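Please find below a colleague's note on the model shown here. The points are numbered so that each may be checked against the coordinates in turn.

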Amino acid sequence: MIKTLSRWGARISRDDIETHQKVAIISRDTAKDVNPDVNKVLGTGIDIKGELYQIVGIYKGGTANLFDMTPDVKIPKTTYQYYANSEGNPTQIKVTIANDYKPSKVAQKVIKKLEKVGISRNFGEYSTFDMSSLTDGIGKVLKMLTFFISGIAGISLFIAGVGVMNMMYTSVSERVKEIGVRRSIGAKRRDIRNQFLVEGLMLTMSAGVIGYIIGYLVALVISIFLPFKVSPDLFTISLTLIITIAIGLVFSITPANMAARKDLVEILR
């Protein structure tokens with residue numbers, strides 16, 4: 001402890017000096033100017049050149065190893081030197097964490113340490129700003145949006161597949177005579193089924209390619225007004241083809257089987 005006698009309140013500790021704490025000891029006359037009840041002054045703050053210092057004691061007599069800011073106010077010399085020479089906001093610290101450590105756990109340890117020896121521990125609570133948590137939050141929002149858009153796209157694809165199936169049913173109904181002619185000249189059931197499956201695949205694949213081209217052109221026009229450009233992606237093209245093939249197979253198989261099961265005798269009647 002510093003050998004500074006305080007008639008009221010606590011003394012300035014060596015920890016306060018070493019950690020540049022914003023603490024002050026004021027004279028009894030100054031305390032009375034703040035509040036006639038001197039005991040109510042302890043623990044409150046005093047403004048010193050725009051910085052808020054906590055009043056920890058009220059003194060009479062001289063001090064040692066303390067800087068005389070005014071004849072009636074004493075603060076640690078190290079605190080004054082720290083704030084006089086620091087640039088920016090000394091109440092903020094930046095912590096860089098290695099890849100092997102979890103930012104949230106390190107932040108908790110830093111907060112606990114600052115609550116014990118931090119400069120501003122007497123004037124409020126410490127808080128952290130973790131860029132990784134911010135990016136994680138943005139990532140979660142984008143992930144939710146992706147799921148939402150994927151759900152809408154899935155519903156749209158299902159509706160489109162039902163439309164393809166209805167078109168194939170209509171095509172089978174309108175081409176009964178064609179099926180009968182082909183069967184009569186030697187075509188097998190699997191040939192009829194494969195014919196309608198190929199037609200369904202061609203229908204969905206052509207629609208997928210046309211939709212991709214239109215979407216790319218729209219994105220290209222929008223990118224003119226944005227700082228980045230749009231370029232074709234092989235993964236997106238492959239995904240488009242795979243999805244369209246799957247839709248064509250799933251929603252064309254039933255009409256194709258119905259066409260293949262047509263009885264030749266009933267058709268010729």
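**Notes on the predicted model**

1. Ile 242 is located in helix H8, which spans residues 234–260; helices (H or I, at least four residues) and strands (E, at least two) are DSSP runs numbered from the N terminus. Ile 242 counts as exposed because its relative accessibility is 55%; exposed means over 50% relative accessible area, buried under 20% and partly exposed in between, with a 1.4 Å probe and protein chains only. Between the C-alpha atoms of Ile 242 and Met 205, which are 37 residues apart along the chain, the separation is 8.9 Å.

2. The model is predicted: local features need pLDDT of at least 70, side-chain atom pairs count only at pLDDT 80 or more, and totals for chains, interfaces and linings use all residues. Residues are numbered from 1 along each chain as its sequence is written, and side-chain values use heavy atoms, with hydrogens and water left out.

3. For the protein overall, there are nine helices and six strands. Of its 269 residues, 27% count as buried. The accessible surface comes to about 18300 Å², and 61% of that belongs to carbon and sulfur atoms; areas come from the Shrake-Rupley method with a 1.4 Å probe, and for residues only the protein chains shown count as cover. Among contacts (heavy atoms within 4.5 Å) with a separation of 6 or more, 63% are between residues 24 or more positions apart.

4. The count of salt bridges is two, a salt bridge being a side-chain nitrogen of Lys or Arg within 4 Å of a carboxyl oxygen of Asp or Glu. Arg 175 forms one with Glu 178 at 2.9 Å, N to O. Glu 178 is partly exposed, since its relative accessibility is 34%, whereas Arg 175 counts as buried because its value is 19%.

5. The side chain of Arg 175 also meets that of Glu 199 in a salt bridge, at 2.8 Å, N to O. This pair links distant parts of the chain, 24 residues apart: Glu 199 belongs to helix H7 (residues 189–223), and Arg 175 to the loop between helix H5 (131–174) and helix H6 (176–184). Glu 199 counts as partly exposed because its relative accessibility is 27%. Through shared partners, the salt bridges join Arg 175, Glu 178 and Glu 199 into one network.

6. The largest nonpolar core has 12 residues, including Ala 24, Val 38, Tyr 53 and Val 73; such a core is a set of buried Ala, Val, Leu, Ile, Met, Phe, Trp, Tyr and Cys residues joined through side-chain atoms within 4.5 Å. At least two of its residues come from each of strands E2 (23–27), E3 (45–48), E4 (51–59) and E6 (73–76). E4 supplies the largest share, three residues. Apart from this core lies another, of 10 residues, among them Val 164, Ala 187, Phe 196 and Ala 256.

7. Which residues does Val 41 touch, not counting those up to four places away in sequence? They are Ile 26, Ala 31, Val 34, Asn 35, Ile 55 and Ile 58.

8. There is one aromatic pair, where rings of Phe, Tyr and Trp (its six-membered ring) pair if their centres lie within 6.5 Å, and planes under 30 degrees apart count as stacked, over 60 as edge-to-face and the rest as tilted. Phe 158 and Phe 251 form this pair edge-to-face, with 6.0 Å centre to centre and 70 degrees between the planes. The pair links helix H5, which holds Phe 158, to helix H8, which holds Phe 251, across 93 residues. Phe 158 is exposed because its relative accessible area is 54%, while Phe 251 counts as buried at 12% relative accessibility.
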